[in-house]
Structure formats: structure tokens, C-alpha cells
Amino acid sequence: MSKRTLVLGSALIALLVAGAFVGIVIATSGDDDDLVVYSARSHYGEEKPFETFDEREGISTRIFGGEAPELYERLRSEGDETDADVLVTVDAANLWRAEQAGLLRSIRSAALERSVPASLRDPKGRWYGLTVRARTIMRASRRVRPGEIATYDDLGDPRWKGRLCLRSGTSDYNISFVADRIAKDGEPATRRMLERWMTNDPTILGSDVDVLHALNEGSCDVGLTNSYYLGRELEEDPDFGVAPVWADQQGRGTHVNLSGIGVVAATDKPRQARQLVEYLGSAEQQQVLADNNHELGADPDVEPTAEVARFGSFKRDPIDVAGAGRHLDDAVRLMNQVGWD
């Protein structure tokens with residue numbers, strides 16, 4: 001009977017000391033024939049798809065969990081000596097980094113091309129999107145009426161001075177958002193937008209969850225988070241006092257990011273790794289992932305959860321993974337310069 005070992009990666013903090021990896025805690029149990037997965041989604045509690053894959057295919061998997069940047073650095077440092085066969089990561093920036101570093105191998109799959117639109121996969125088949133998440137404006141639904149705020153630029157309106165909450169500028173999600181704006185709008189326009197935000201003296205918090213709770217509790221009135229965090233809160237408390245504003249619906253649309261998967265270039269189990277990627281990339285398993293974390297499937301036929309569906313469909317700003325990836329360093333520099341730290 002197949003087995004699967006889940007190894008949580010919280011111990012991957014402080015990985016780099018003088019440029020070298022130290023202090024990595026990994027599993028010592030498991031079989032050499034196991035398929036090894038580095039997964040940045042493990043803390044979402046997504047064990048079931050791997051269990052069903054094990055049962056269906058008779059291929060045991062071992063999952064090493066951790067934050068997406070940590071897993072990327074680990075994979076890069078291990079190089080050809082890595083045990084990893086598959087990378088599951090969040091944020092398009094991490095897919096772009098892994099692709100650019102040559103850490104993912106190309107696979108062609110008619111099944112994946114049916115379930116993952118061309119805009120949500122690498123043209124050379126090095127990674128495929130699994131889920132989509134919107135990073136959009138959130139409003140305190142008891143104090144901010146629908147229509148009072150509509151665009152990302154509106155977060156810089158003086159009416160929100162002292163009433164704006166943002167997650168730290170060190171967040172990968174915020175860096176990717178800014179990098180995407182630079183790629184599409186140029187740095188001068190992006191700088192003007194961020195300077196207006198900072199003029200409103202935003203309260204800087206440690207996580208998207210912190211931002212949502214500050215909105216619900218009255219510490220601020222508008223903010224910016226990923227939509228799935230709100231879905232989680234509403235599942236726990238249907239009366240949670242926050243609602244999303246699908247931003248820029250009269251323009252390009254709401255910024256979206258994605259979580260994706262790829263076969264590790266150095267794998268010695270390419271056939272089994274491909275099987276897992278095709279399995280998780282199927283519409284059926286995308287639905288499982290979307291339901292579990294209130295995300296949207298890459299496949300447009302995947303249904304949103306009831307908590308997300310209640311806010312209706314929205315126009316999406318098309319993802320430009322490569323464009324944003326090329327501007328990641330520019331985004332960090334610009335955010336530092338305007339004081340978003």
C-alpha cells in the first residue's frame with residue numbers, strides 16, 4: 001500500500017548564512033522510490049490530492065513544505081543533487097525564478113493543455129498554473145459603501161488618509177503586484193500611485209489576515225489583500241464585515257496571480273513526476289485545490305466556493321509572468337524608495 005510523508009518546512013527559516021544553506025531540517029524516513037515534492041502549498045492542509053494520487057497510481061509521495069522563496073533557494077542550492085522531483089509553488093515570481101534558473105524541465109501534455117489555458121502556462125511547458133488568486137481592494141462593509149472606491153489608484157485618495165491598511169512591502173504578493181504594474185504602466189506611473197498611497201499614512205501590518213481583521217474591527221476602512229484570505233474568514237464567520245472591491249473594472253481589470261507546478265529538471269523519475277503534474281493539473285484536482293483554499297481554478301470551468309461566488313465574477317488583468325519577473329528587483333527598489341517597508 002502506498003504511503004506519503006508530509007514534512008513541514010517551517011524550520012527552513014534563516015536558510016542563508018554568508019551565502020550558504022544551513023539549518024535545513026528534512027525527513028530521514030521514506031523510500032528512495034518515493035516521488036519527492038517541494039510544496040509551498042503544504043501549509044494549506046492539502047494532503048488529500050496526494051493521497052488519492054498515491055492510491056490511484058500506486059506511487060508514494062513525500063512532501064517537503066516551506067515558504068515559496070525558501071523552497072526556490074533550496075532547490076537552486078541543491079542543483080543536480082536535489083532529491084526533488086516536482087515543485088509546487090505560489091506566486092508567479094517564484095515560477096519565473098525557477099524557470100530562469102533552469103530548475104524546471106519542459107513537458108508537453110495534451111491533457112494539461114486542455115485544462116490550463118495558454119495564458120496560465122509556460123509556452124515551453126516548464127510550468128503550469130493550478131489556481132488563480134486575485135489581489136484586490138478590500139473595504140469595511142459596514143463603513144464603506146459599494147462604489148466609494150473602485151481602482152488601485154483610489155487607495156491614494158486623501159479621503160482614506162489614516163484609514164488605509166497594507167501588508168508589509170516585503171511580501172512576495174505585494175512585490176509581484178508592483179512589478180506587474182511597472183511592466184504594464186511603467187515605473188513613473190507606478191511611483192506616482194505608490195507615493196499617493198504612502199501619503200495616506202497607511203498602517204503596515206504583517207499579513208493579509210491582519211489587514212482583514214483590522215478592517216473588520218474598525219482599525220482601518222480600506223486595504224489590499226488576496227481574495228482567498230477573505231474566503232477563509234467568511235467560511236468561519238459569514239457575517240465578517242469585509243467585502244472585496246474588484247478593482248479597475250473599467251480599465252485592465254483586477255490584478256491576479258497564480259500558483260503553479262512543474263517537473264524539476266534534475267529528477268530521476270520524469271515519468272512519475274509528469275503523472276503527478278498531470279493529475280494535479282486536471283480540472284477535477286484544480287477544483288479540490290480551489291475549494292480547499294477559496295482560490296479560482298486555472299481551468300475556467302472550475303467553480304468558485306460559495307463564499308467567493310457571492311461577490312460575482314470580475315474582469316481580470318491578464319497575467320504577464322515574464323514581464324513582472326523581469327521587474328522584481330525594480331519593484332523592491334521602488335517600494336523602498338517610497339517608504340513601503
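I began with His294, which is found in the loop between α10 (283-293) and β14 (296-297); helices (H or I, at least four residues) and strands (E, at least two) are DSSP runs, numbered from the N terminus. The model is predicted, so to speak of local features I need pLDDT of at least 70, side-chain atom pairs count only at pLDDT 80 or more, and totals for chains, interfaces and linings use all residues. Residues are numbered from 1 along each chain as its sequence is written, and side-chain values use heavy atoms, with hydrogens and water left out.

**Loop residues**

I noted that His294 has a positive phi of about 60° although it is not a glycine. Most residues other than glycine have a negative phi. His294 is buried, at a relative accessible area of 3%, where buried means under 20% relative accessible area, exposed over 50% and partly exposed in between (1.4 Å probe, protein chains only). I then looked up Asp91, in the loop between β6 (86-90) and α3 (92-100), and found a positive phi of about 80° there, although Asp91 is not a glycine. Asp91 counts as buried too, at 1% relative accessibility.

**Leu112**

Is Leu112 buried or exposed? Leu112 is found in helix α4 (residues 110-115), and it is buried, with a relative accessible area of 0%. Leaving aside neighbours within four places in sequence, I listed Ile107, Arg121, Tyr128, Val277, Glu278 and Gly281 as being in contact with Leu112, contact meaning heavy atoms within 4.5 Å.

**Strand β13**

I turned to strand β13 (residues 254-264), in which 11 of 11 residues are buried. Two strands pair if DSSP finds at least two bridges between them. β6 and β13 pair in the antiparallel sense over five bridges, with Thr89 opposite Gly260 in β13. Six bridges join β8 to β13, again in an antiparallel run, and there I found Ser259 of β13 as the bridge partner of Thr131. Strand β7 (residues 104-105) pairs with β13 in the antiparallel sense over two bridges, Leu104 having Val264 as its partner. Which strand pairs with β13 in the parallel sense? I found that strand β15 (residues 316-317) does so, over two bridges, and that the partner of His255 in β15 is Asp317.

**Strand β11**

I checked strand β11 (residues 222-226) next and found five of its five residues buried. In a regular strand the side chains alternate between the two faces of the sheet. Here Val222, Leu224 and Asn226 point one way, and Gly223 and Thr225 the other way. Five bridges join strand β8 (residues 128-140) to β11 in an antiparallel run, whereas two bridges join strand β9 (residues 164-167) to β11 in a parallel run. Gly223 is the bridge partner of Met138 and also that of Cys165.

**Whole chain**

Buried residues make up 54% of the 341 residues.
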